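Q: I'm new to this structure and would like a close look at one helix. Could you walk me through a single one, end to end?

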Amino acid sequence: QPPAPRAPVSARFGIQRPASAAVHYASAAPAGEYVPQVEQVEFMQTEQSQSTIAAPMGVGAALLLVAGVVYNFFNKPQYKPLAVPAPLQSVVAQAARSVRLNTRSVDQHTTLALMTMTSSKASKGFKSPVFSEQCDQTGITLSRYMLEVARANPDMVELESVFSSIQTACKTISKLVKRSAIDGMTGYAGGGGSINVQGEEQKKLDVITNEVLKKALKFTGRMGVIASEEEDTPVAMDNSLDESYGKDVLVEEGGKYVSVFDPLDGSSNIDAGIPVGTIFGIYEEDGDCVLPDDYFEGGNNLADAMKDCLKSTLKPGNSLVSSGYCLYSSATHFVFTLGDGVQGFTLDDSIGEFILTHPNITVPPRGKIYSINEANRPQWDGPMTKWIDGLAAGTNKSGVAYSSRYIGSMVGDVHRTLLYGGVFAYPGDSKNPNGKLRLLYEVAPMSFLIEQAGGAATTGMARCMDLPPKDVHQRVPLIMGGKDEISELEEIYKNEAPEELKEAQLARLTY
């Protein structure tokens with residue numbers, strides 16, 4: 001029998017049912033089979049609102065919120081400071097008093113001096129570049145050499161751009177020297193009467209080459225301070241970015257290095273076509289200048305502080321990162337050291353590149369040439385006279401008589417000494433007790449080179465690399481060459497120099 005129709009269904013869960021629906025059920029067939037039948041069953045449509053359950057939930061949430069506010073109002077948390085251990089209460093950190101040179105210019109005439117904490121630099125090792133292969137047509141260029149140095153020593157990446165600018169300046173100066181007679185660059189600056197801080201009359205090329213090298217170094221953005229033979233005082237570099245670069249350019253403003261240089265050593269010989277050269281030295285800038293607590297109380301102003309701080313950036317030669325020279329002669333040579341031997345490059349004018357031609361230059365312990373202005377012999381002290389006489393006569397410890405070769409241009413004489421061995425000297429005498437060579441940008445850089453090539457440099461009793469500069473243009477005696485030759489000279493000074501001369505020699509080691 002077919003089942004009876006179902007009773008009307010009422011939905012009480014907020015769901016709208018249709019007014020009618022088709023309901024399937026089975027009716028008995030004569031053969032016992034069930035055949036689906038369809039009838040229409042009417043349902044009751046509810047008018048119940050969907051908010052039947054939502055309303056009680058909203059009321060409950062509101063009550064919880066009110067209860068939380070009331071609880072927090074009457075139960076405010078209490079804060080108790082943590083007890084500080086007694087030993088910590090008595091410790092006071094004392095900051096270092098120092099001034100940092102920030103080379104950004106505030107305006108045309110003002111440079112900032114900012115306070116900072118002094119930090120010590122970690123010592124860094126140097127990894128020599130490796131060249132597994134090279135182009136047969138170009139060889140190893142200076143550009144590639146410095147790229148490999150930067151790859152092997154990531155902390156020296158910035159030095160690559162510095163060397164790129166120096167070699168560009170050397171190429172420019174080489175061109176100026178070659179064409180000086182043709183372009184009217186010989187003679188004195190301003191027709192004569194132009195005197196530099198040394199009291200020396202400036203040649204036209206002195207002024208031009210100083211500007212070339214100064215701007216080349218400035219444009220690297222890596223120079224904090226430069227000191228030149230042609231500048232009265234050290235010069236701070238403005239490394240601020242152009243406003244168009246925007247504030248999102250992530251670069252460090254301010255220079256990392258201090259550069260010292262003689263733009264055209266031996267320029268008095270330029271009109272005669274005698275070899276001349278450029279000498280340079282590079283230091284890392286500490287960025288810190290310690291001044292006495294009462295410095296400004298003594299009437300000093302910010303300009304005085306800047307001047308004294310710029311002078312304080314000058315260091316002994318043993319702090320040099322790199323030094324070298326460019327020689328303008330039958331060819332243009334670029335010789336330098338990074339503190340790991342001496343490398344020599346020669347300019348290939350056809351491709352405009354310096355090519356490695358003298359790798360790992362070394363100076364033998366003894367040579368056969370001495371280079372000195374013997375016209376000053378009557379004014380030399382006793383130990384110097386005895387030493388030179390021994391070299392010339394062959395009565396020195398080697399028993400070999402030396403030949404005399406003197407160009408009168410320091411770069412040319414030192415270049416020959418590096419390649420052939422022997423000694424170069426410009427000692428002090430009764431007329432010029434401190435000699436005529438400048439410590440900062442002639443003696444120290446060249447001493448660094450000669451020592452890295454296996455030689456030595458001395459004033460007679462003091463190592464030149466240890467001499468602290470007391471002034472930008474300070475002069476000191478210089479004798480450099482093979483280790484055995486210099487050792488013999490120092491032994492003569494130690495045994496035979498009068499006490500007054502010894503004291504004067506050793507006094508140069510103090511500030």
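A: Let's start with a term: buried means under 20% relative accessible area, exposed means over 50%, and partly exposed is in between, using a 1.4 Å probe and protein chains only. Bear in mind that this is a predicted model, where local features need pLDDT of at least 70, side-chain atom pairs count only at pLDDT 80 or more, and totals for chains, interfaces and linings use all residues. Residues are numbered from 1 along each chain as its sequence is written, and side-chain values use heavy atoms, with hydrogens and water left out.

Now to helix α7, residues 382-393. Helices (H or I, at least four residues) and strands (E, at least two) are DSSP runs, numbered from the N terminus. α7 has twelve residues and spans 16 Å from its first C-alpha to its last, close to the 16 Å expected at 1.5 Å a residue; that expected span is 1.5 Å times one less than the number of residues.

Within α7, Pro383, Met384, Trp387, Ile388, Gly390 and Leu391 are buried. They sit on the same side of α7 because they cover an arc of only 155° around the axis, taking the directions from the helix axis to the C-beta atoms. What covers them includes β13 (369-371), β15 (423-426), β19 (478-481), α10 (483-496) and α11 (499-507), where contact means heavy atoms within 4.5 Å.

And the ends? At the N-terminal end, Asp381 caps α7, with a side-chain oxygen 3.0 Å from the backbone nitrogen of Met384. After α7 comes Gly394, with a positive phi near 80°.

Technical notes:
Polar contact = N/O pair within 3.5 Å; in protein donor to acceptor, adjacent residues only side chain to side chain.
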